[in-house]
Amino acid sequence: MTVAAPAPAAAPLRIAVLSATYAPEPVGGAEVSAQLLAEGLAARGHDCTVITIGRGPGDGEAMENGVRVLRLRNANVMHPADRGAGAARRLLFQAIDAYN
């Protein structure tokens with residue numbers, strides 16, 4: 001009886017994870033899942049990039065826990081995590097969003 005040789009290690013993959021928001025400001029389960037997925041893939045040696053919406057001038061590109069995070073400029077008047085925005089601002093956000 002012979003034992004088969006182990007399969008060769010697969011080459012690292014380049015993976016993009018898209019999420020409207022991302023740590024450090026998780027809003028719900030989807031954001032937490034995106035973070036756990038991205039960090040788990042990076043820990044396994046894959047090249048993982050998260051693309052998310054930023055909040056301001058300090059945004060851009062950063063390495064966080066082995067994951068490349070790209071925070072893109074938000075063209076809307078509200079960030080998706082702004083839960084306490086006033087009625088007028090929410091209405092403007094929805095009008096712009098509907099137009100897009």
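Buried denotes a relative accessible area under 20%, exposed denotes over 50%, and partly exposed lies in between, computed with a 1.4 Å probe on protein chains only. The model shown in these views is predicted: local features need pLDDT of at least 70, side-chain atom pairs count only at pLDDT 80 or more, and totals for chains, interfaces and linings use all residues. Residues are numbered from 1 along each chain as its sequence is written, and side-chain values use heavy atoms, with hydrogens and water left out.

View A. Glu-31 belongs to helix H1; helices (H or I, at least four residues) and strands (E, at least two) are DSSP runs, numbered from the N terminus. With a relative accessible area of 12%, Glu-31 is buried. A polar atom of the Glu-31 side chain lies 2.8 Å from the backbone nitrogen of Gly-28. This is a polar contact, defined as a pair of N or O atoms within 3.5 Å; within protein, one must be able to donate a hydrogen and the other to accept it, and residues adjacent in sequence count only if both atoms are side-chain atoms.

**View B. The open sheet of 4 strands.** The strands are arranged in the order S1-S2-S4-S3, with mixed pairing. Two strands are taken to pair if DSSP finds at least two bridges between them. Strand S1 (14-18) and strand S3 (61-64) each have a single partner strand and stand at the edges, so one side of each is left without a neighbour in the sheet. From one strand to the next, the twist averages 25 degrees, where axes are lines fitted to C-alpha atoms, for helices over the stretch in contact, and angles run from 0 to 180 degrees between N-to-C directions. S1 and strand S2 (residues 47-53) run parallel and are joined by 5 bridges. Leu-18 has Ile-51 as its bridge partner in S2.

**View C. The largest nonpolar core.** A nonpolar core is a set of buried Ala, Val, Leu, Ile, Met, Phe, Trp, Tyr and Cys residues joined through side-chain atoms within 4.5 Å. The largest one has 11 residues in all, among them Val-17, Tyr-22, Leu-41, Ala-42, Cys-48 and Val-67. H1, S2 and strand S4 (67-72) are the elements that give two or more residues to this core. H1 supplies the largest share, 4 residues. In soluble globular proteins, nonpolar side chains tend to be buried together. Leaving aside neighbours within four places in sequence, Ala-42 is in contact (heavy atoms within 4.5 Å) with Cys-48, Gly-66 and Val-67.

**View D. The surroundings of Thr-52.** Thr-52 lies in strand S2 and is buried, with a relative accessible area of 4%. A polar atom of its side chain lies 2.8 Å from the backbone oxygen of Ser-19. The Thr-52 side chain also reaches the backbone oxygen of Ala-20, at 3.1 Å. Not counting residues up to four places away in sequence, Thr-52 touches Ser-19, Ala-20, Thr-21, Tyr-22, Val-69, Leu-70, Arg-71 and Leu-72.

**View E. The salt bridges.** The structure holds 3 salt bridges, a salt bridge being a side-chain nitrogen of Lys or Arg within 4 Å of a carboxyl oxygen of Asp or Glu. One of them joins the side chains of Arg-14 and Asp-47, at 3.6 Å from N to O. This pair links distant parts of the chain, with Arg-14 in strand S1 and Asp-47 in strand S2, 33 residues apart. Arg-14 is exposed at 75% relative accessible area, whereas Asp-47 is partly exposed at 39%. Arg-68 forms a salt bridge with Glu-61, the closest N and O atoms being 2.8 Å apart. Here Arg-68 is partly exposed at 29% and Glu-61 is exposed at 57%. Arg-71 and Glu-64 also meet in a salt bridge, at 2.8 Å from N to O. Arg-71 is buried at 16% relative accessibility, while Glu-64 is partly exposed at 23%.

**View F. Backbone features in the loops.** A cis peptide bond, with omega of about 15 degrees, joins Ala-23 and Pro-24. Pro-24 lies in the loop between S1 and H1. Asn-65, although not a glycine, has a positive phi of about 55 degrees. Asn-65 is found in the loop between S3 and S4 and is exposed, at 59% relative accessibility.
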